[in-house]
Amino acid sequence: MESFFNHRETLWALLIAYLLLAAQAAEAGDGRRKARSNIILILTDDQDIEIGGMTPMKKTTSLIGQSGATFANAFTVTPLCCPSRSSILTGCYPHNHLVRNNSLDGNCSSPVWQKFQEPFTFPVYLQKQGYQTFYAGKYLNQYGDPKAGGVLHIPLGWTYWLGLVGNSKYYNYTLSANGHEETHRDRYEEDYLTDLITNRSLQFLTQLSRPPFLMVLAPPAAHSPWTAAPHYKSAYSSIKAPCDGSFNVHGKDKHWLVRQAKTPMSNTSIEFLDNVYRERWQTLLSVDDMVAKVLDQLKSLGLLNSTYVFYTSDHGYHTGQFSLPIDKRQLYEFDIRVPLLVRGPGIKPNRTYLEPILNIDLGPTFLDIAGVDVSQTPMDGQSFMPLLVNKTNNRSWRSDFLVQYTGEGRTGGDPHCPALGPGVSSFVEVYNLTSDPHQLLNVAKTVDPSLLEQMNQRLIKFQACSGASCRS
């Protein structure tokens with residue numbers, strides 16, 4: 001009897017051990033099934049794609065574009081810094097996130113934004129999925145304003161926070177390092193912001209306790225004041241702003257503001273544009289180095305093959321198009337088109353996609369990678385992961401979208417701009433981009449009126465869309 005009970009106890013022990021091993025194996029298998037890829041977003045400032053803005057980025061083009069996908073038709077839904085970055089963070093059109101311009105009164109990083117929009121930004125969803133999240137660089141133009149919490153405010157969703165106070169700078173700036181003020185001066189080795197972001201990101205990767213992680217790197221390039229690193233100040237010494245297309249061409253048949261530009265531009269203005277163009281390229285060389293160093297670090301840590309890397313800008317830029325000296329804010333191709341390069345697991349190398357991708361699609365794509373259903377969020381955009389991994393018919397992709405900009409919101413007249421013209425909001429422009437890629441000829445008066453009516457009805461629907469209705 002004693003031998004029988006001992007044998008039975010042994011059987012029970014073996015059975016319990018087997019069940020434990022089976023449970024552990026199931027848990028490990030479940031962990032493998034739920035394993036999430038890492039995500040890196042490199043977000044530049046004011047980098048165009050229409051007039052050669054990617055030309056200096058040889059390392060980036062090779063390491064991301066040629067090793068992954070290039071989207072030839074990527075757009076911002078609003079060509080201004082704070083509204084565009086708010087769209088990237090929320091995945092929403094401006095009429096839904098309500099950021100109108102770069103001012104605090106325009107809802108840029110305001111207390112209202114922090115209360116009602118930051119809880120629905122993509123890092124919040126990823127953090128809930130177990131991602132360690134890291135942000136370094138420019139956030140929103142009014143971030144750090146004392147009226148909106150100052151440097152003590154750490155936006156929701158970020159585990160490690162290194163946010164720039166205010167607008168883009170290269171030297172003499174303040175950061176919020178996890179809510180603590182960090183002041184920088186003008187020593188290149190210690191303070192040059194693009195390189196500092198690079199170095200801090202490498203530290204984050206080295207000290208990473210576990211994947212998955214989300215990392216957003218937002219350098220100041222190619223925004224003014226266009227301060228290049230010392231070793232790049234002589235680069236591209238002979239480069240000049242492109243003089244083709246709509247450069248130095250009067251914007252006839254355009255809205256009133258474009259028609260105010262003086263054509264032809266003076267030689268002094270053109271010389272200024274050449275200098276700006278060259279200095280913008282010089283600042284981007286440090287971003288190109290950033291990309292190479294980050295990808296090299298991923299490779300050395302064995303993380304490259306499990307990481308999606310996205311490279312884009314908040315909007316485009318113009319340097320002399322339609323005789324407009326420098327800026328963004330216009331609804332033409334040079335201001336709304338942005339670079340978009342992606343590499344990562346399952347993406348075939350050296351592929352070019354023609355489908356229109358919007359910056360409001362970035363958040364939904366990140367959520368898709370993390371296993372979050374975008375239909376359960378307020379986001380207006382849609383994931384383009386199915387395009388990247390060939391799980392959708394490209395004919396079912398969007399064929400139209402909305403671009404919005406509502407101005408700087410002055411309540412009174414502007415003495416510096418007395419020539420305010422009529423019909424700002426009702427002026428219609430239509431272009432055939434196949435035959436007229438530079439938008440020189442407005443065909444609104446000659447196009448079929450039924451087409452204009454169809455486009456107007458679509459515009460009305462877009463202006464009222466929200467969530468799923470923006471994707472349908």
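Predicted model: local features only at pLDDT ≥ 70, side-chain atom pairs only at ≥ 80, totals over all residues.

Student: Why is aspartate 48 called buried?

Tutor: The term buried requires a value under 20%. Aspartate 48 has a relative accessible area of 2%, and therefore it is called buried.

Student: What makes the pair of arginine 280 and aspartate 48 a salt bridge?

Tutor: The closest N and O atoms of arginine 280 and aspartate 48 are 3.1 Å apart. The limit for a salt bridge is 4 Å, between a side-chain nitrogen of Lys or Arg and a carboxyl oxygen of Asp or Glu. The pair therefore qualifies as a salt bridge.

Student: Why is this pair said to tie together parts of the chain?

Tutor: Arginine 280 belongs to helix 10 (residues 267-300), whereas aspartate 48 is in the loop between strand 1 and helix 2. These parts are 232 residues apart in sequence, so the pair ties them together.

Student: Is arginine 280 buried or exposed?

Tutor: Arginine 280 is buried, because its relative accessible area is 4% and the cut-off is under 20%.

Student: How do you know that aspartate 45 and arginine 85 meet in a salt bridge?

Tutor: Their N to O distance is 3.8 Å, and the definition asks for a distance within 4 Å. Aspartate 45 lies in the loop between strand 1 (38-44) and helix 2 (58-65), and arginine 85 in helix 3 (residues 81-90). The two residues are 40 residues apart. Aspartate 45 is buried, with a relative accessible area of 0%, and arginine 85 is buried as well, at 2%.

Student: Which residues are linked with Asp45 and Arg85 in a network of salt bridges?

Tutor: Lys138 and Asp314 are linked with them in that network.

Student: Why is glutamate 190 called partly exposed?

Tutor: Partly exposed lies between the limit for buried, under 20%, and that for exposed, over 50%. Glutamate 190 has a relative accessibility of 47%, so it counts as partly exposed. Arginine 187, at 46%, is partly exposed too. These two residues form a salt bridge, with their closest N and O atoms 3.4 Å apart.

Student: How many salt bridges does the structure hold, and what percentage of the chain's residues is buried?

Tutor: The structure holds 13 salt bridges. Buried residues make up 52% of the 472 residues in the chain.

Terms used:
Residues numbered from 1 in each chain as written. Heavy atoms only, no water. Buried < 20%, exposed > 50% of the residue type's maximum accessible area, 1.4 Å probe, protein only. Helix = DSSP H or I, 4+ residues; strand = E, 2+ residues; numbered from the N terminus.
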